[in-house]
Amino acid sequence: MLASRRLVLAHFWLAFATFAGSVVLGAWQMWARSPLHGGPADAELYYRAVTAHGTALAYVFPTLIAMGFGYAVCVSALDRPLRGEGFAWAGFVLVLVGALMSLLAVAAGSSSVLYTFYPPLTASPFYYVGIVLAVVGSWFWAVLMVYNMRAWKQEHPGERVPLAVFGTVANALLWLWTAVGAALEILFLILPLAFGWTTTVDVGLARTLFSWTLHAIVYFWLLPAYVAFYTLVPQAAGGRLYSDRMGRTAFVLFLVLAMPIGIHHLFADPHIGEGFKFLHTVFTAAVAIPTLLTVFTLTASLEVAGRLRGGRGLLGWVGALPWDRPIVLATGLSLVMLGLGGAGGLINMSYTLDSTVHNTQWVTGHFHLIFAGSVVIMYFAIAYELWPHLTGHPLRSTKLACLQLWLWFIGMLVVTLPWHLVGLMGQPRRMAYYDWSEPGLAAQGPLVSASAVGGFVLLLSAVLLIVILVRSRRGEKVGAGALTYARALDDGSPLPRALNGLAVWVGLMIALTAVNYGYPIAQGFFLQHNTVPAQTVTISP
Ligand code: CU
């Protein structure tokens, strides 16, 4: 059994409970504004639901998965107990309390500001303080990851840090730095407004600081899936990791490049000059490199596995892979969604093409396909992989788990492909209702209804996930053995020192942030005409 199993289980259970509740809200939202509903939705309830859905699924669910998986990796790959487990529990409690505070504030109706909480919309202070507590809780985790790796390195001089730990610590450092933007925004601009100490706010500066966090947070969600791609999938498929060094290179490139590109979320904002918009477009293109490296290495690793299993010919190895193993199936489905979502992302990221889809339902389709699709399906697979080591019981059953993954995949495509289409037809995002009798909207109605059906397929998949995880806590106990990681083809070859630690890369990350964000943030201090009065949330029916 895994050390710290209670700690890991607590994170996974809270994560999936939050997830399941939020999927219910998501399905309801899609139905309520579709022609199937037969009348306008209650806008007030709709925006509460959207805010709760986004807040829970962006700030609570992936954070808990990253934390829980990180602890599991740390104790199993370093093969020793976690140092500072008391702090880990304190971090967990902070995330729990913070999440409850924020979500209760949303439920009370005072904080329907959506998860991006862009000022001048202003929520109850409880909403923001809850988010701050949850983030601080996750920082406990991040510091513990760095501390545990450092302690291990000091006692094992010259040995290579296991890749799973290297990737996890890269993610922890990325998150520590990524969260700083929104933390500065909340502490210096938003909380004074929410408490009534100030009456106006610089919305441009607030959005710039938020964009610091908004892009790279996606990589914080993504990297646990990448750790699984590199270290769990090749072995589950029956092969070897094609290149350990390629994995390390991808992780350090994410660390340096993921963060200073967030202005691609502000292409339509007048307070940012076109030069910086172009600069961020260029770096956004560069961040595709570590993803391409990952897809290449993962495919090569799967080919090694398929050929070891007797696959012949150009593509015969694909059919030879064990597709009945949940994590292998999830990887295949994840790559399909990543390919489709990545192609759409090329449009969002380009400074000029973006204007054709800006603030339309296309954007919602894009990030659901990438995050809720290709990333979250790997969270399920990680849980299935860890579960026998956490509970001592076999997964019940792998067939059911594969069905659950297929349902998630199909549901996500049925939800997001129509969203991309109606986005191209000009449908704005974040609308509580549309007047379907309007001739200009008539063509979009059937697509919106189809996507709402997909929402219920996703709900069914979420219910099935919980059923599988609960059922797998009963039945006969079996020794699951130790959680082990894929061996790499280049394990024996020497490793450059820069790829066995992260200090150089953290330096580069901070330097590039200063170059790409220094001026856009600094101008907030001498451009004084951007401030506007606060707006409390009132939605008239
Ligand atoms: Cu982005």
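Reply: A term to begin with: a residue counts as buried when its relative accessible area is under 20%, as exposed when over 50%, and as partly exposed in between. One more point is that this is a predicted model.

Me: OK. Is C74 buried or exposed, then?
Reply: C74 has a relative accessible area of 5%, so C74 is buried.

Me: And C402, buried or exposed?
Reply: C402 is at 10% relative accessibility, and therefore counts as buried.

Me: How many disulfides does the structure hold?
Reply: The structure holds zero disulfides. A disulfide is a covalent bond between the sulfur atoms of two cysteines.

Me: Switching to the metal. Which protein donors does the copper ion have?
Reply: They are H215 through ND1, H264 through NE2 and H265 through NE2. These donors lie 1.9 to 2.1 Å from the copper ion.

Me: How are the donor residues spaced in sequence?
Reply: The spacing is H-x48-H-H. H215 sits in helix α6 (residues 203-231), while H265 is in the loop between α8 (244-257) and α9 (274-286), so this pair ties together parts that are 50 residues apart in sequence.

Me: Is H215 buried or exposed?
Reply: H215 counts as buried, because its relative accessibility is 10%.

Me: What about H265?
Reply: H265 counts as partly exposed, with 29% relative accessibility.

Me: You mentioned α9. At what angle do α9 and α10 pack?
Reply: The angle between α9 and helix α10 (residues 288-308) is about 10°, and their axes are 4 Å apart. That makes α9 roughly parallel to α10.

Me: Which residues meet there?
Reply: From α9 there are T284, A285 and A286, and they meet A288, I289 and P290 of α10. By class, this contact of α9 with α10 has five nonpolar residues, one polar residue and no charged residues.

Me: Now the backbone. Is the peptide bond from P119 to P120 cis or trans?
Reply: The bond from P119 to P120 is cis, with omega near 15°. P120 is in the loop between α3 (85-107) and β1 (121-122).

Me: What kind of peptide bond joins R396 and S397?
Reply: R396 and S397 are joined by a cis peptide bond, where omega is about -10°. S397 is found in the loop between α13 (361-391) and α14.

Me: Is phi of D79 positive or negative?
Reply: Phi of D79 is positive, near 55°, in a residue other than glycine. D79 belongs to the loop between α2 (43-77) and α3. With a relative accessible area of 67%, D79 is exposed.

Me: And what is phi of R430?
Reply: Phi of R430 is near 60°, which is again a positive value in a residue other than glycine. R430 lies in the loop between α14 and α15 (439-442). At 25% relative accessibility, R430 counts as partly exposed.

Me: Last one. Where is L417?
Reply: L417 is in helix α14, which covers residues 398-424. Its relative accessible area is 39%, so L417 is partly exposed.

Me: What separates the C-alpha atoms of L417 and S451?
Reply: Those C-alpha atoms are separated by 8.0 Å, and L417 and S451 are 34 residues apart along the chain.

Note on methods
Residues numbered from 1 in each chain as written. Predicted model: local features only at pLDDT ≥ 70, side-chain atom pairs only at ≥ 80, totals over all residues. Heavy atoms only, no water. Donors = N, O, S within 2.8 Å, 3.2 Å for Na, K, Ca; no water. Helix = DSSP H or I, 4+ residues; strand = E, 2+ residues; numbered from the N terminus. Buried < 20%, exposed > 50% of the residue type's maximum accessible area, 1.4 Å probe, protein only. Axes fitted to C-alpha atoms, helices over the stretch in contact; angles between N-to-C directions. Parallel < 35°, antiparallel > 145°, perpendicular 65-115°, else oblique. Contact = heavy atoms within 4.5 Å. Nonpolar A, V, L, I, M, F, W, Y, C, P; charged D, E, K, R; others polar. Disulfide = S-S within 2.5 Å.
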